[in-house]
Amino acid sequence: MQRKRTAVIAAALVMVGTLTTACGNPAREPAVIEIPPGFWQVEDYGTALSVHDNVVEAYQLTELSCLTDAPATRSEKPGTYVTEDKDVLTLRPGTRPDRATLHIDGSAGDRTLRHIPALPIPCTSSTEPTTFDVFWQTFQENYPFFAAKGIDWHQVRGRYRERAALAEQRGDDTELFAVLRDMVAPLNDAHVVVSAGEHGFFGIGRPGTTIPGPQLDQRVKEHVQRRDLQQHPLTEYANGRISYADLPGQDYGYLRVSAFSGYTAERTFAADSTELDRALDAIFTADRLTRLRGLILDLRLNGGGSDSLGLQLAARLTDRPYFAYAKKTRSTEPWVQRVEPARAGFAGPVAILTSGSTISAGETFTQAMMERPSRTTRIGQPTQGVFSDVMRRKLPGARHADWSFGLPNEEFLTSDGRTFDGAGIPPEVTEPVFTDEEFSQDRDSGFDRAVRWLESSGS
């Protein structure tokens, strides 16, 4: 199945679409009714499903291939199924007998299912395509950014196919991994990865950016607490992924979010969602909300996670509903996401700090905040430039059983139809972010600018 992962590196728009709420309010959710058993194609996601006997079997598809994916088993809740990785799938009937929808917990929006009489032809074929062909074809059918990145994917096929064929004939998996790596390296896409077991792992961020890790995260946290907060207590929540402090001597708050996942030991969306609400309830108390005049929201080291958790946070930062973004694939209609105000939260001025280490769900959240009705600004550096959920794909052959790769297939659109894939979301105010010079001269230019902006905003 496909969902957003945290830091997958080493580690008109009145558009056609279904409106969904951000916070998963049970009163707003449609009733779940079972879809009939049979075969279903997930439109534009390279997947077919076989629903039968309390199980959903999944197949990864291209025009050439059909590889079994992880099955899901029916849970106690009607219409829901759970995989071994604890992904929760909800299948609902559509507006026609041959249509249904698939929702994956933590992923914003739904996917359209189309009933099919049988599994596609590649699933019954005795011919197994080559590793190279499955890899190339998967990108050909799903990757949406070749033109934007100036990549001729057919030319790539011509350049590398013979080299891959020789590697496969010789059983040289080290060379085969190198071929796959070299094919996708020019994409400079942090959501494109190749994992080849003992033979290697490939994944890179946009040039000039840093993928966040524990060592940098700890250094930054200590720098902020000592320099910006003057050793004022920084209270941690959600397994340390969320932290908050009142700024000394000022009626401003500092909220740091380093990921939109990993909040609990269970590592499920439901548990993380509950923990996020618990943290925000503890932060946005009635007493604090009466005196809080502005908020600095620090996403400069945010490795991503669940888009739905980002929308859940956005719902606590508004007192009015608004358009967040629309999500589409190559041929599907945009699926519109809205933010609906949730229980107690903050609707005053918010200064968002971003950088190239703001990744994936950190970026979809930032994009949602761009449309926020209350005063909001972005300070720092452009975000990483990867928004889509990640398609996790296998490769054929028993020899490559532990090999996998990932790629994006979705675009996230603003209300006027723009996307920020590749270049990232630009700041409104540019400031350096955690450079060697910033550290050596004991500066945090983005934080200081955020304080000045709050002061000038009349908050």
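This is a predicted model: local features need pLDDT of at least 70, side-chain atom pairs count only at pLDDT 80 or more; totals for chains, interfaces and linings use all residues.
A few ground rules come along with the model. Local features need a pLDDT of at least 70 and side-chain atom pairs count only at pLDDT 80 or more, while totals for chains, interfaces and linings use all residues. Residues are numbered from 1 along each chain as its sequence is written, and side-chain values use heavy atoms, with hydrogens and water left out.

The sheet is open and has 7 strands, running in the order β12-β13-β14-β15-β18-β19-β23 with mixed pairing. Strands here are DSSP runs of E with at least two residues, and helices are runs of H or I with at least four, both numbered from the N terminus; two strands pair if DSSP finds at least two bridges between them. At the edges sit β12 (235-237) and β23 (429-430), each of which pairs on one side only. Within the sheet, β15 (residues 294-298) and β18 (residues 350-354) pair in the parallel sense, over 4 bridges. In this part of the sheet, D298 stands opposite L353 in β18. As a general point, strands of a sheet pair through backbone hydrogen bonds, either parallel or antiparallel.

Turning to charges, the structure holds 36 salt bridges, a salt bridge being a side-chain nitrogen of Lys or Arg within 4 Å of a carboxyl oxygen of Asp or Glu. One of them joins D389 and R111, with the closest N and O atoms 2.9 Å apart. D389 lies in the loop between β19 (376-380) and β20 (390-394) and R111 in strand β9 (residues 111-116), so this pair ties together parts that are 278 residues apart in sequence. Both D389 and R111 are buried, where buried means under 20% relative accessible area, exposed over 50% and partly exposed in between (1.4 Å probe, protein chains only).

D389 also forms a salt bridge with K327, the closest N and O atoms being 3.5 Å apart. This second pair links distant parts of the chain too, with K327 in strand β16 (residues 322-328) and D389 in the loop between β19 and β20, 62 residues apart. K327 is buried at a relative accessible area of 6%, and D389 comes out at 0%. Put together, R111, K327, D389 and E410 are linked in a network of salt bridges.

E236 is in strand β12 and K221 in helix α5 (residues 214-228), 15 residues apart. E236 has 41% relative accessibility, so it counts as partly exposed, whereas K221 is buried, with a relative accessible area of 10%.
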